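Colleague: Could you walk me through this model? I'd like to start with the overall make-up and then look at some packing.

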Amino acid sequence: MKKLNRRSILRGGGLAALGAGLGTAQRTPDCNCTRGSDGEMLDTGTSELRAMIERYDVDLSDLDRVYSLPGSSARHARLERFYSEQLHLVEAVNFEALSQAGRIDYLLLRGRLLHDQKQLAAESRKEEDIAPLIPFQQDIIRLEEARRRMETLDPQKSAVTLNKLATDIEAAKAYLANSKLAPAAMNRAAIRLVQLRRYFRAWFNFYHLYDPRFAWWTDAEFKRADDALDAYAKLVHTASGVAGPIEGLEGRGGRGEFRDDDPETVEKTAPSGTGENKSGPAIGSEQELSGIGPVGNEALVEALTAAMIPYSPDELIKIANREFAWCDREMLRASTEMGFGNDWKKAVEAVKNKYVDPGQMIYLVRDLSREAIEFLEKKELVTVPPLVKEDYWEEAMTPRMQLVNPFFTGGETIQVSSPASSQTLQQRMEALRGNNMFFARATVFHELIPGHHMQFYMTQRYRIYRSLFSTPFWSEGMAFYWEIMLWDLGFTHTPEQRVGALVWRMHRCARIVFSLSFHLKKMTAVECVQFLMDRVGFDRANAEGEVRRSFNGSYPPIYQCAYMLGALQFYALHQELVGSGKMSNRAFHDAMYREGDIPVEMLRLALNGQKVTR
């Protein structure tokens, strides 16, 4: 690939076609791809902004690595400067000289930078909330940052610093006893204390290994300060009332995004045990379920704007209720066909009791995944690469993980929620009922093919530089879009299959309503649980797991909205391009994956040829 320097970007210069020199490769009309001699599609998509985006991504990752200490004033100042410099570079680009792909990437990068700036400012405001609980944090941060700058250490002065630190921690306990901070803020402070202790120990261990004078001066003082820090972290965590351990929780300043297929993350954020939580309130209580607390309307609007969703939270709730009304009509029709009349909950109960025997869930998942692939290929809906059909397998959800996610998750593999012998009888039955053969029918292809597994496969091979702009409105929206499409195309035949599919559709409507209502302070977490039970028909444990997962900080506040709303965007785009005859089903669906994980409105610009303005 010809290298693109900054000067050529500012002049509006472009890249040479990546397909040049591929020998016998031939151009295909459906995407920016060529077909290699082995028959596989190769990405040749170009953009004048690609080099700038890739540099931004790698530079930001490097800064995150160097300035990794959360709460650091040096980190905040460096990122603030970096975002400002990058925005200046982007706005100097000759927009009118860019290609269609270049203009789309320009809008994506500029939007990302503006959002990053706002996120940094919001992060600073959150720091102000927890600062009174950890007034000593800058002392710890300065120690580790000085070590990383390779400054000369004075062991005697270090001993004085450690002695003061232990005293300051003891003083902070008195403030905590009278603190009126919300549980969510206390939870953030508890997580920060664990992070600070990790860096504090790294600092000490480094010098303790290399400098014998350091050990002489600091051993006793360090032990006292480290013990005090550990005890204080546990005290704040208990006061927060949030269930589960906090060890291992560590963010990347808002850059990382929770992945459904990451069992380690699920495991670490899951509460431990059932009944009474040893470190606080009962499992299922308001305090335990609402870990991060409501973020408010302003934060929701900013997140929606960054995702290019031009609706207010209240408008989105109205859309969800409109979709709910469609689900209600279809559910009553299926319930009547099953002989339950208007009592749709009896129909849902009957479906939940159609589960496979313990130990047979893995074979059900295998068979359902193959059924979906066969349907896609028979209908010529999308190109399914041969390798994507063989590079996944199943993993088991541990009982603890199921407390946060009682259903399946997927990506590189599919994690199956099935009963384990260590669970109580009630927990085992809820795992079987919540993942019955009709619920699982939609879940499996949502998580595998054509859902998350295929998404991961394709985004690692096409326009990979756009991973910086990933959004759940693309990933979750597309996976749920396939549920809607397969319904329309007759994949669900029996009323039981339709009930299974409709429960998930109602679930996605409910996610919009309860998550936004919680963050707008219109519903409590306990009310959200009851809403899922009443409106979707979930068992209590499954409803609690859904709410806990939504509010424990693993997901951005608008994540749960993305399933239904992203699906509606894809569905409307399908109507616009395929319904009008401009594209075939296969061409449209292939392009969805090959343009990369970006807001659906940007995908629309890429596919319909509409002129893109600055």
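**Overview and packing**

Modeller: The chain has 25 helices and six strands, taken as DSSP runs numbered from the N terminus (H or I, at least four residues, for helices; E, at least two, for strands). This is a predicted model, where local features need pLDDT of at least 70, side-chain atom pairs count only at pLDDT 80 or more, and totals for chains, interfaces and linings use all residues. Residues are numbered from 1 along each chain as its sequence is written, and side-chain values use heavy atoms, with hydrogens and water left out.

Colleague: How do helix 17 and helix 20 cross?

Modeller: The axes of helix 17 (residues 437–447) and helix 20 (residues 495–519) come within 7 Å and cross at roughly 60 degrees. Axes here are lines fitted to C-alpha atoms over the stretch in contact, with angles from 0 to 180 degrees between N-to-C directions. That makes helix 17 oblique to helix 20, oblique being what is left after under 35 degrees (roughly parallel), over 145 (roughly antiparallel) and 65 to 115 (roughly perpendicular).

Colleague: Which residues in helix 17 meet helix 20?

Modeller: Among them are Phe438, Phe439 and His446, and the helix 20 side includes Val503 and Trp504; contact means heavy atoms within 4.5 Å.

Colleague: New topic: how much of the chain is buried?

Modeller: Buried residues make up 54% of the 614 residues, with buried meaning under 20% relative accessible area (1.4 Å probe, protein chains only).

Colleague: And what does Val499 touch?

Modeller: Leaving out residues up to four places away in sequence, Val499 touches Met331, Ala334, Met338, Ala347, Val348 and Val351.

Note on methods
Buried < 20%, exposed > 50% of the residue type's maximum accessible area, 1.4 Å probe, protein only.
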